[in-house]
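Work through the exercises below with the model open. Try each task before reading its solution.

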Amino acid sequence: MTPIAVRSPFWPLLLAAPLLGGATPGPTTPAAPPGREASAPAAASPQDPALLGENLENVVPFVQPFDLDATRRMSVPVMVHGQGPFSFLVDTGAERTIIARELAARLGLDRSERLRLATIGTSVAVAPSFRVASLEMTDLRLSPFDAPAFAGRHIGAAGLIGVDMLEKRRLLIDFRKETMEILASRRHARPLIRGSDAIVVTARNSAGRLILSNARIDGRHIDVVVDTGAQSSVGNLALQRLIAARSQNSMPFYPAVLGAVTGEDVPARRTAIKRIEIEGISINDLPVSFADSKAFDALGLDKRPALLLGMDSLSLFDRVEIDFPNKRVVLDMPSGARRETGQRYAAADWQRGG
């Protein structure tokens, strides 16, 4: 839903990447060390606006069309009030487009009303908002609107592109080429990803977010929200109880802390789930944090097991197509070759789950 950072003294235990279909693991790219992972200030250039801090005056405009940052989230260049470009994260789990307070101050935006938002935190957030006359990204334009504002160091960028800007579009993310396209879509449009390696997953829409229902853990249906704004996956307490009751954790639960976009430190429990099946695909040993988050309440997912599927899982695939008008997600399975690029979360052998 929002950028999520995970802190835990036991982080090295989860350096092994999740795998598909029970395949034998290959070499993995080391994960970031403990700390507020979403910010990763030590790894970033001081002029990298994908990881903005308090001072935007010295930021060099971000001009690349696509970047996987240190937390594996996608950032794109955005023009605000005709100025920029500024680096915004693309967040399919965020209800609204958000701006950093520092950027709003730099551009002299007029303050608007305070807004209530459900984030990964344990309480509903109340945030100031600023009137944005225009926000442009390639051929997309959103204007005018009131953007909730949070500190750039908690967002991890100059802002977030939410589903209010994506609801009539589809995203095509290519992790091999490190490109992303945001394209027009219409009802009954054919998927862009086709072929024997394409897994088509139908979804339902809740508050603009796509929820996949054809997912199971140990035979039990769970709801899965595709969330490109989260670098790791987060489950609700109902999912935690299911995992514990059916012994589906591959390691003991341990305490962790999630960093919300509001700056709140959210207490959580963390483990790795043995196996999740989505439309015939198996994801094994997936690290997941569990929290009593208002994000699930806002989607009506507080009572039944549910998971925010973050970039750690999505980046396992070669390509991902997220089509909002057609309520569809298409996952492109790799050909089977082992890939060892630094931007990929895992290098592993692949096969269809069964």
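**Exercise 1.** Find the helix that holds A295, then decide: is A295 buried or exposed?

*Solution.* Start with the element. A295 sits in helix α4, which spans residues 294-298. Next, take the accessibility in this predicted model. A295 has a relative accessibility of 1%. The cut-off for buried is under 20%. A295 therefore counts as buried. Now look across the chain. L117 is 178 residues from A295 in sequence. The C-alpha atoms of A295 and L117 are 8.8 Å apart in space.

**Exercise 2.** Describe the largest nonpolar core: how many residues does it have, and which have the most contacts inside it?

*Solution.* Count first. The core has 76 residues. Finally, check the domains. Domain 1 (62-165) and domain 2 (169-345) each supply at least three residues.

**Exercise 3.** Which residues does L239 touch, leaving out those up to four places away in sequence?

*Solution.* List the partners in sequence order. They are I217, I222, I273, F290, P305, A306 and L307. Another core lies apart from the largest one, with 14 residues, including A268, A291, L299 and L301.

**Exercise 4.** Summarise the protein chain: how many helices and strands does it have?

*Solution.* Tally the elements: five helices and 25 strands. Then take burial: 59% of the 354 residues count as buried. Last, the surface.

Notes:
Residues are numbered from 1 along each chain as its sequence is written. This is a predicted model: local features need pLDDT of at least 70, side-chain atom pairs count only at pLDDT 80 or more; totals for chains, interfaces and linings use all residues. Side-chain values use heavy atoms; hydrogens and water are left out. Helices (H or I, at least four residues) and strands (E, at least two) are DSSP runs, numbered from the N terminus. Buried means under 20% relative accessible area, exposed over 50%, partly exposed in between (1.4 Å probe, protein chains only). A nonpolar core is a set of buried Ala, Val, Leu, Ile, Met, Phe, Trp, Tyr and Cys residues joined through side-chain atoms within 4.5 Å. Domain bounds come from an automatic or database domain assignment. Contact means heavy atoms within 4.5 Å.
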